[in-house]
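Here are some friendly notes to read alongside the model. Please keep the picture open and find each element as you go.

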Amino acid sequence: TPCKIAVLIGSLRQASWSRRVSHAIAALAPPSLQFDELDIGQLAFYNEDSEAKPPPEWVRFREQVRASQAVLFVTPEYNRSVPAVLKNALDVGSRPYGHSVWAHRPAAVISASPGAVGGFGAHHHLRQVLTALDMPTLAHPELYIGGVHRLFDEAGALNNDDTRTLLQRFLDRFEAWIEANAPRHNAEPH
Ligand code: FNR
């Protein structure tokens with residue numbers, strides 16, 4: 001059975017560049033990796049008062065993450081940080097206290113922007129959060145994808161060979177990272 005990777009996109013836009021990057025990665029991936037985008041736009045803002053009777057979409061989201069072997073984050077940068085919708089999803093998955101769905105789950109981060117800096121600020125704010133959540137996060141290759149709007153053709157397919165090579169290298173490293181970090185995430189629930 002293929003390794004299930006939950007994909008969280010930090011943009012709700014249908015034509016999102018981050019979403020296109022995630023589709024390009026899924027298209028390049030070997031059959032041993034299966035990418036499933038989770039819908040984080042439906043998650044109510046985290047409110048601890050709701051834990052007595054959690055909204056069904058929180059419960060479903062937490063189950064979806066639990067059913068995955070790894071998590072891929074692909075995000076734009078909003079005002080030099082992580083879009084609120086993505087931070088909210090991380091908060092929802094981290095509670096109730098002691099029952100985080102994130103702990104020990106291997107992760108990787110990609111940021112993308114039409115701008116030259118490639119979402120560097122959002123990327124590292126996100127890594128700070130993943131450290132707090134105890135997610136072993138792939139360090140290299142570092143993917144800050146700048147000028148992302150120039151990398152796709154009109155049909156939405158990747159049209160840049162250097163980026164394709166980089167994404168391929170990223171996939172190889174991520175698969176090895178998931179394998180290397182896999183045994184722990186069911187052993188020690190947080
Ligand atoms: C942006 N954008 C942006 N870009 C960037 O490189 N650094 C930034 O800090 C910001 N800040 C920012 C704030 C808000 C509220 C919006 C809506 C946009 C531009 C952003 O990179 C651009 O809109 C991307 O196309 C958004 O990503 P998706 O939706 O294409 O994935």
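Predicted model: local features only at pLDDT ≥ 70, side-chain atom pairs only at ≥ 80, totals over all residues.

**Notes on the fold**

1. Residues are numbered from 1 along each chain as its sequence is written.

2. Now count the elements: the protein has 5 helices and 5 strands. Helices (H or I, at least four residues) and strands (E, at least two) are DSSP runs, numbered from the N terminus. Along the sequence they follow the pattern β-α-β-α-β-α-β-α-β-α.

3. In what order do the strands sit in the sheet? The 5 strands make an open, parallel sheet ordered β2-β1-β3-β4-β5. At the edges are β2 (33-37) and β5 (143-145), each pairing on one side only. From one strand to the next, the twist averages 20°. Two strands count as paired if DSSP finds at least two bridges between them. In general, strands of a sheet pair through backbone hydrogen bonds, either parallel or antiparallel.

4. Cys3 has Leu33 in β2 as its bridge partner.

5. Next, find helix α4 (residues 120-132), which lies across β3 (70-75), β4 (107-112) and β5. The helix runs at about 160° to β4. Here, axes are lines fitted to C-alpha atoms, for helices over the stretch in contact, and angles run from 0 to 180 degrees between N-to-C directions. Contact means that the C-beta atoms of two residues, placed from the backbone, lie within 7 Å.

6. Which residues are closest to the ligand? They are Ser11, Ser16, Pro76, Ser113 and Gly115, from a surrounding set of 15 residues (C-beta atom, placed from the backbone, within 6 Å). This shell divides into 5 nonpolar, 7 polar and 3 charged residues. Ala, Val, Leu, Ile, Met, Phe, Trp, Tyr, Cys and Pro count as nonpolar, Asp, Glu, Lys and Arg as charged, and the others, Gly among them, as polar.

7. Some backbone details deserve a visit. A cis peptide bond joins Arg95 to Pro96, with omega about 0°, and Pro96 sits in the loop between α3 (84-93) and β4. Another cis peptide bond links His140 and Pro141, with omega about -5°; Pro141 belongs to the loop between α4 and β5. Asn79, in the loop between β3 and α3, has a positive phi near 50° although it is not glycine.
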